[in-house]
Amino acid sequence: MNPMTEVKAISNSSSVTSENLAASFPIGYYELHPDISINFQLNRFYGWVGDASMLTEMREATAGVDDYPTFTKAFLDLGDRALARHETLKGAYYLRLAEFFLFTKDPRKLPTRQRFVDLILDHFQIPSSACSRIPFESGWLPAYRLTPAQPKGTLVVFGGFDSYIEEWLPAALVFRDAGYDTILFEGPGQGAALELAHLTMSPEWEKPVKAVLDYFRLAAVTLMGFSLGGGLVIRAAAFEPRVRRVIAYDIMTNALECFLRPLPPPLQKELLDGIDNGNEGAVDKFFADAMAKSLLLDWMVKLGMHNTGTRTTYAMLKHYQKYETASISSRLTQDVLLMAGAEDHYVPVHQLPDQIATLTHVRSLTARLFTRAEQAQNHCQTGNMGLAFRIMIDWMASLGTIEKAIDD
């Protein structure tokens with residue numbers, strides 16, 4: 001570790017100066033469905049709305065349900081009924097849940113996605129002037145910019161494996177109201193960049209970040225990536241000098257490990273050996289059988305092939321083998337905030353100390369592990385996202401303006 005690097009851990013009792021800004025997000029991680037991944041998704045989308053009636057409605061609608069077509073019908077129905085009652089935000093996120101469970105080739109998927117986007121933009125009064133299409137390679141990247149009257153700095157945010165950036169608008173408004181010029185964008189393999197501009201996922205995340213910074217003529221920014229973006233943000237920061245601060249929300253040092261995590265450790269090792277040795281047939285056969293028994297694996301593999309443009313499970317896994325941070329983390333020289341959930345069912349908690357150990361030249365390093373006692377133990381602090389947002393805002397505020405933070 002560089003002797004000039006300061007490593008800090010934020011305690012649970014740290015003073016919170018931004019509490020009112022994120023107070024609207026609910027606190028609580030609920031048991032809504034016996035499948036761990038489906039239960040997470042129900043909690044995830046409830047977290048953006050906070051209407052307690054959703055808890056009862058979702059439990060009743062999914063009781064005994066264990067297949068995606070039935071989930072889809074249940075949430076399309078819930079969405080339509082909520083919209084008929086003029087419960088716009090609830091209805092929009094029910095539609096997003098329905099779309100989440102739709103297979104990639106289902107003709108209802110894109111229309112449902114567009115309904116969600118239109119409803120969210122209208123609900124939060126996002127004007128067309130806030131939306132941009134940024135030229136990138138053979139297509140374009142969608143972006144939104146929400147700017148306060150007197151910005152303290154610029155925050156650039158992107159998502160991960162399955163997110164639509166519009167889903168994150170409630171959080172973006174919190175950061176805008178905290179005083180940050182907030183830019184959200186989707187890169188290759190995400191949202192409209194994938195579905196409409198047909199750009200597939202790439203580990204070279206510094207390229208879309210460069211395109212965004214160039215387009216908005218930004219010289220110094222805080223860059224945040226969430227979910228899979230927690231690994232992509234490390235990659236981008238390693239090669240883009242205009243990124244002065246980095247937030248990994250949450251960490252992800254090795255995406256392939258996360259893909260294989262639902263499997264027992266001996267099977268993980270066997271599959272890793274098969275991937276490394278080019279045993280494509282055996283890997284594909286294993287997943288064809290496993291996907292029939294696991295909703296989580298079925299969803300992950302199909303979406304992974306879709307967002308990478310690969311045609312086999314083996315090719316998709318080989319692609320995601322490139323999504324690691326150990327080989328480039330030593331290049332970072334920025335202020336870095338790492339976040340992790342103690343019981344994240346996607347990302348093993350050991351990836352937090354793994355990431356800390358490889359950031360050997362950063363200016364400062366702050367790590368925050370969220371726990372069950374805070375209802376924030378899961379992926380991206382679903383269950384208490386307001387706490388996560390307050391931690392980020394206070395961390396940025398503690399560093400002052402970017403110009404002062406980099407003034408040696």
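**Strand β5 and its surroundings**

Within strand β5, I183 is the bridge partner of R145. The model is a predicted one, in which local features need pLDDT of at least 70 and side-chain atom pairs count only at pLDDT 80 or more, whereas totals for chains, interfaces and linings use all residues. Residues are numbered from 1 along each chain as its sequence is written, and side-chain values rest on heavy atoms, with hydrogens and water left out.

I183 is also the bridge partner of V156. Strand β3 (residues 139–146) runs antiparallel to β5 and is joined to it by four bridges, while β4 (residues 153–158) pairs with β5 in the parallel sense over five bridges; pairing requires at least two DSSP bridges between two strands. Helices (H or I, at least four residues) and strands (E, at least two) are DSSP runs numbered from the N terminus. Together with β4 and helix α6 (residues 169–177), β5 makes a right-handed β-α-β unit, the path from the first strand over the helix to the second running clockwise when the strands point away from the viewer.

Across the whole structure, a search finds 29 aromatic pairs (ring centres of Phe, Tyr or the six-membered ring of Trp within 6.5 Å; planes under 30 degrees apart are stacked, over 60 edge-to-face, the rest tilted). One of them is the edge-to-face pair of Y93 and F116, with 5.4 Å from centre to centre and 70° between the planes. Because Y93 belongs to helix α4 (residues 88–101) and F116 to helix α5 (residues 109–123), this pair ties together parts that are 23 residues apart in sequence. Both Y93 and F116 are buried.

Charges over rings were also identified, defined by NZ of Lys or CZ of Arg within 6 Å of the ring centre and within 35 degrees of the ring normal. R113 lies over the face of Y164, at 4.4 Å from the ring centre. R368 lies over the face of F370, at 4.4 Å from the ring centre.

In helix α2 (residues 53–62), the buried residues are M54, L55, E57, M58 and T62. These residues pack against α1 (36–49), α3 (68–84) and α4, contact being heavy atoms within 4.5 Å. After α2 comes G64, with a positive phi near 80°.

Definitions and conventions:
Buried means under 20% relative accessible area, exposed over 50%, partly exposed in between (1.4 Å probe, protein chains only).
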